[in-house]
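This report describes selected side-chain contacts and surface features, taken one topic at a time. Please keep the sequence and the structure in view while reading.

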Amino acid sequence: NGSASGAVQASSIAWEETLLKNAKADFLYSAQSFKVKKAKANLYDGEVSGDADLNLKTDVISFDFDVKKAKLEKMPSVKGFTKGLANLKFKGSSDLSSKDITETLNANGNVQTLDLEIPRLKLLQQIFEKPVWNRIKKIKGLPIKVSSVQSYVKKHQAVDNLKSKFAIKNGAVDFKGGSLDMPLASLDFKGAYSLKNAVDVKGSLYLKKQLMKKAVSNPQWLNLICSRNDKLKIPITIKGALPDVKVSIDEKALYAHFQNAAIRYAKGAGKQKLKDKVIETVKNKKVKEKVKSIHKDVKSKVGNVLGL
């Protein structure tokens with residue numbers, strides 16, 4: 001029934017695939033719990049800090065951690081799929097007596113990445129390789145060069161940042177609403193990432209006008225295609241086991257969008273043609289009236305000269 005308190009340090013602490021280095025913390029031990037306060041350690045070449053409380057009777061641990069600038073390429077759950085740095089804040093609990101603690105892990109938090117790279121995903125390249133673009137190219141009057149943007153995205157796969165709130169439960173990370181920013185596109189998404197390395201998220205991909213301009217140079221067409229805040233919206237699904245994740249889109253909706261743009265363009269062109277015709281008619285009428293007036297004036301003057 002005694003208690004103890006103090007400070008502890010360790011050059012390294014290994015736990016399954018996780019290795020903490022230069023760990024230190026204050027602790028408070030009692031018959032019912034072991035509490036860790038002001039803990040700090042190096043984790044995945046970044047730093048983790050926070051508090052934890054282990055119930056010695058139930059083996060349930062509760063925690064509140066803050067991870068800064070951890071390298072994604074060293075995290076077992078995403079190793080070989082992503083690169084960059086991650087900042088995470090999460091708070092929750094888990095049962096250490098379970099065979100698989102990820103199944104009893106419950107937590108909530110948020111994540112933000114820096115200098116993110118997802119080379120295996122090739123998001124934009126997968127988008128522009130879809131068969132629907134062959135149909136879109138055949139839309140009458142549409143001046144689109146898909147090959148130009150295809151060549152561009154093959155060379156430019158950069159991703160800037162990912163931000164999302166998340167909840168962990170039943171062995172999966174549930175993204176409550178995240179965003180993925182790229183130089184010429186962005187993705188809003190929701191969905192799940194299994195701690196067994198499977199992804200299933202859905203969202204909306206927004207292709208910026210600067211990107212679509214590489215395929216459609218005509219300003220009028222470009223405005224019609226990128227009609228949502230100067231962006232082209234594409235419903236998207238990202239699904240599969242890491243690292244071979246597949247991207248699918250709503251090809252029917254995308255084709256319909258381009259068809260509607262073509263209809264609006266035709267209507268606009270028709271209205272302009274009618275407008276030009278009216279203007280030309282008015283001009284011709286005014287010219288005829290002017291000629292008639294001049295003719296009448298000349299006839300009057302000639303009549304006066306001749307005494308008619």
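Is Phe63 buried or exposed? With a relative accessible area of 10%, Phe63 is buried, where buried stands for under 20% relative accessible area, exposed for over 50% and partly exposed for what lies in between (1.4 Å probe, protein chains only).

## Basis of the description

The model is predicted, so that local features need pLDDT of at least 70 and side-chain atom pairs count only at pLDDT 80 or more, whereas totals for chains, interfaces and linings use all residues. Residues are numbered from 1 along each chain as its sequence is written, and side-chain values use heavy atoms, with hydrogens and water left out.

## Aromatic pairs

Rings of Phe, Tyr and Trp (its six-membered ring) are taken to pair if their centres lie within 6.5 Å, and planes under 30 degrees apart count as stacked, over 60 as edge-to-face and the rest as tilted. By this rule there are eight aromatic pairs. One of them joins Phe63 and Phe65 in a stacked arrangement, with 5.6 Å centre to centre and 10° between the planes. Phe65 counts as partly exposed at 23% relative accessibility, while Phe63 is buried.

The pair of Trp133 and Phe258 is edge-to-face, because the ring centres are 5.7 Å apart and the planes stand at 75°. Trp133 lies in helix 3 (residues 132–136) and Phe258 in helix 7 (residues 251–306), so this pair ties together parts that are 125 residues apart in sequence; helices here are DSSP runs (H or I, at least four residues), as are strands (E, at least two), numbered from the N terminus. Both Trp133 and Phe258 are buried. Elsewhere, Phe63, Phe65 and Phe90 form one aromatic cluster.

## Salt bridges

The model holds five salt bridges, each being a side-chain nitrogen of Lys or Arg within 4 Å of a carboxyl oxygen of Asp or Glu. Lys71 is partly exposed at 32% relative accessibility, as is Asp45 with a relative accessible area of 45%.

Asp45 also meets Lys74 in a salt bridge of 2.9 Å, N to O. Lys74 lies in the loop between strand 5 and strand 6 (83–95), so the pair ties together parts that are 29 residues apart in sequence. Lys74 is partly exposed, with a relative accessible area of 42%. In a further salt bridge, the closest N and O atoms of Asp174 and Lys176 are 3.2 Å apart; Asp174 is partly exposed at 31%, and Lys176 is partly exposed at 48%. Through shared partners, salt bridges join Asp45, Lys71 and Lys74 into one network.

## Surface charge and a loop lysine

Asp115, Glu117, Asp160, Asp181 and Asp188 gather in a patch of negative charge on the surface; such patches are made of residues with over 30% relative accessible area and no salt bridge, with like charges joined within 9 Å. Asp181 belongs to strand 9 (residues 172–182) and is partly exposed, with a relative accessible area of 30%.

Lys213 sits in the loop between helix 5 (209–212) and helix 6 (219–225) and counts as exposed at 52% relative accessibility. Lys213 and Ser148 are 65 residues apart in sequence, and 9.7 Å separates them in space, C-alpha to C-alpha.

Notes: Patch = residues over 30% accessible without salt bridge, like charges linked within 9 Å, V, L, I, M, F, W, Y side chains within 5 Å. Areas by Shrake-Rupley, 256 points an atom, 1.4 Å probe, with all protein chains shown as cover. Lys, Arg positive; Asp, Glu negative; His and termini not counted. Charge placed at Lys NZ, Arg CZ, Asp CG, Glu CD.
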